[in-house]
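Read the questions below beside the picture of the molecule. Try each one yourself before you look at its answer.

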Amino acid sequence: MLRSYHQKEIALEAGCDEAGRGCLAGPVFAAAVILPTKFRHKLLNDSKQLKAADREYLRGVIEEKALFYAVASVDNEEIDKINILQASFRAMHLALEKLQQQPGYILVDGNRFKPYGNVPHACIIKGDGIYASIAAASILAKTYRDEYMMRLHEQFPHFGWNENKGYPTIQHRNAIREHGDTPFHRKSFRLLPDEQLTLDFGREAAID
C-alpha cells in the first residue's frame, strides 16, 4: 500500500511525474496531483507496474478523488531545442502552474528537478512506487500521453504507435528505415543507430 509523504506541517503537497522521456516521437507529458491526506487505493502503484486497463480505471478514480490535478506536455520541437531533461522539468512546471491551488510542497519522481519558484521539493528515486501522489501523477501522465499517441497513430499507422507509443522498439525503428521520420519525431534523438535517414514525411501534418 502506497503512503502519503506528509512529514511536514504543509497544507497541500503535490506529486509530480512524467511520461515519455525515452520515446523517439511525440511530446513528453507530466502531471501534478494533490490527493486527500488519507487517500488509499489497493491498485494504486507505479504506472509501469499496472495493466493498461487498470491505469485507465485508476485515471477515473484519481480525477474524481484528487483535490486538484493537472496534466501538461512539451512537444517534440521544444524537446529538440532545450533537451529532454529540461523539457521534462518544463512539463512538470506547466502542470504545477495549471493546478487550481498551488502546493506547499512538491514530491518528484527521480533524482533531479528544477526548483519551482520558492516551493520546497523532494526528489525520490522510484517514488512512483512509494508515494500515492507520485503514483497518481505517473498514471495521469502515462494515460494522457498514450491517448495522444493513439490519435497520432491514426495519421501515421506505419509506426505502430498504438502499441509502442513512440518508444524505440524494433517495429518502430524498422518503420523509420522504410518510411522515414515524421514531424513528430525528435530529431535530436538517435532515431536509427549509426544510420542516416533518407526519407522524410511532409511537414504539414498536425493534430488537434
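A salt bridge is a side-chain nitrogen of Lys or Arg within 4 Å of a carboxyl oxygen of Asp or Glu. The model is predicted, so local features need pLDDT of at least 70 and side-chain atom pairs count only at pLDDT 80 or more, while totals for chains, interfaces and linings use all residues. Side-chain values use heavy atoms, with hydrogens and water left out, and residues are numbered from 1 along each chain as its sequence is written.

Q: How many helices and strands are there in the protein chain?
A: Both kinds of element are DSSP runs numbered from the N terminus: helices (H or I, at least four residues) and strands (E, at least two). Along the sequence they follow the pattern β-β-α-β-α-α-β-β-α-α-α. The chain has six helices and five strands.

Q: What percentage of the 208 residues of the protein chain count as buried?
A: Buried means under 20% relative accessible area, exposed means over 50%, and partly exposed is in between (1.4 Å probe, protein chains only). By this rule, the buried part of the 208 residues is 51%.

Q: Among contacts between residues at least 6 apart in sequence, what percentage join residues at least 24 apart?
A: A contact means heavy atoms within 4.5 Å. Of the contacts in the protein chain that qualify, the part joining residues at least 24 apart is 62%.

Q: With which residue does Asp146 form a salt bridge?
A: The whole structure holds eight salt bridges. In the one made by Asp146 and Arg55, the closest N and O atoms are 4.0 Å apart. This pair links distant parts of the chain, 91 residues apart, with Asp146 in helix H4 (residues 132-155) and Arg55 in helix H1 (residues 52-65). The partner of Asp146 is Arg55.

Q: How many residues apart in sequence are the parts tied together by Arg59 and Glu147?
A: The side chains of Arg59 and Glu147 meet in a salt bridge of 3.5 Å, N to O. Arg59 belongs to helix H1 and Glu147 to helix H4, so the distance in sequence between the tied parts is 88 residues.

Q: Which residues are linked with Arg59 in a network of salt bridges?
A: Arg59 is buried at 12% relative accessibility, and Glu147 is partly exposed at 37%. The residues linked with Arg59 in the network are Glu63, Glu147 and Arg151.

Q: Is Asp181 buried or exposed?
A: Asp181 forms a salt bridge with Lys187, with 3.6 Å between the closest N and O atoms. Lys187 is partly exposed, at a relative accessible area of 36%. Asp181 has a value of 5%, so Asp181 is buried.

Q: How many disulfides does a search of the whole structure find?
A: A disulfide is a pair of cysteine sulfur atoms within 2.5 Å. Cys16 is buried, at a relative accessible area of 0%, whereas Cys123 is partly exposed at 30%. The number of disulfides found is zero.

Q: Which residues does the UniProt annotation "binding site" cover?
A: The annotation comes from an unreviewed UniProt entry and covers Asp17, Glu18 and Asp109. These residues span 93 residues in sequence, but they gather at one spot because no two of their C-alpha atoms are more than 8.2 Å apart. UniProt positions are given in the numbering used here, feature names are shortened, and annotations may be inferred rather than shown by experiment. The residues named in the record are Asp17, Glu18 and Asp109.

Q: Leaving aside its neighbours within four places in sequence, with which residues is Glu18 in contact?
A: Glu18 lies in strand S1 (residues 13-19). At 21% relative accessibility, it counts as partly exposed. Apart from neighbours within four places in sequence, its contacts are Val28, Phe29, Ala30, Ser88 and Ala141.

Q: In which strand is the place of Asp109?
A: Leaving aside neighbours within four places in sequence, the contacts of Asp109 include Cys16, Asp17 and Lys126. Asp109 has its place at residues 105-109, in strand S4.

Q: Which residues of H6 are exposed on the other side from the buried ones?
A: The buried residues of helix H6 (residues 170-179) are His172, Arg173, Ala175 and Ile176. They cover an arc of only 155 degrees around the axis, which puts them on the same side of H6. The arc is that of the directions from the helix axis to the C-beta atoms. Exposed on the other side of H6 are Ile170 and Glu178.
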